[in-house]
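Subject: Structure handover

Hello,

Here is the structure I promised to pass on. Please look it over, then read my notes below.

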Amino acid sequence: MTYVVTESCIGVKGEACMEVCPEHCIFSEAVDDMSFIDPARCTNCGACMAACVVGAIYPENSLPRDAAEFVNLNRDWFRHRTGVRQRVRELAAEIGVWLPD
Ligand code: SF4
Ligand code: SF4
């Protein structure tokens, strides 16, 4: 099990979750439009979920039905970031979140 960053983080980012994660396993680079949790290192403490002001983080086993894709997006960011970044931008367009070029 892991915790998962979902849609509400897109275009928001910030560092609240990163600051409280005892495993330092939440990441985002300057070119990213959201943050990602490394499922290989998450110890399921739940601290990030409580810290996120937009409610973007869920336990994997309690994800909203329409957020299932984010399990793969979080995991895959640690493998091949380019494809994940492209998909996040597509999702942003679909939900109407403006992102800078
Ligand atoms: S605190 Fe929430 S909105 Fe901010 S980076 Fe973490 S998941 Fe994204
Ligand atoms: S559940 Fe805990 S260990 Fe996992 S990402 Fe959140 S703060 Fe880090």
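Among contacts in the chain between residues at least 6 apart in sequence, 69% join residues at least 24 apart. Two residues are in contact if their C-beta atoms, placed from the backbone, lie within 7 Å.

This is a predicted model, where local features need pLDDT of at least 70, side-chain atom pairs count only at pLDDT 80 or more, and totals for chains, interfaces and linings use all residues. Residues are numbered from 1 along each chain as its sequence is written, while chains are lettered from A and ligands numbered from 1 in the order in which they are written.

The chain has 4 helices and 4 strands. Their order along the sequence is β-α-β-β-α-β-α-α. Helices (H or I, at least four residues) and strands (E, at least two) are DSSP runs, numbered from the N terminus.

Helix α4 covers residues 81-95. Just after α4, G96 has a positive phi of about 80°.

On burial, 25% of the 101 residues count as buried. That takes 20 or more other C-beta atoms within 10 Å of a residue's own, with C-beta atoms placed from the backbone.

Now ligand 2. Around it are 15 residues, and Y3, C21, C42, C45 and C48 come nearest. A residue is near if its C-beta atom, placed from the backbone, lies within 6 Å.

Best wishes

Technical notes
A residue is buried if 20 or more other C-beta atoms lie within 10 Å of its own, exposed if 12 or fewer, and partly exposed in between; C-beta atoms are placed from the backbone. The expected span of a helix is 1.5 Å times one less than its number of residues.
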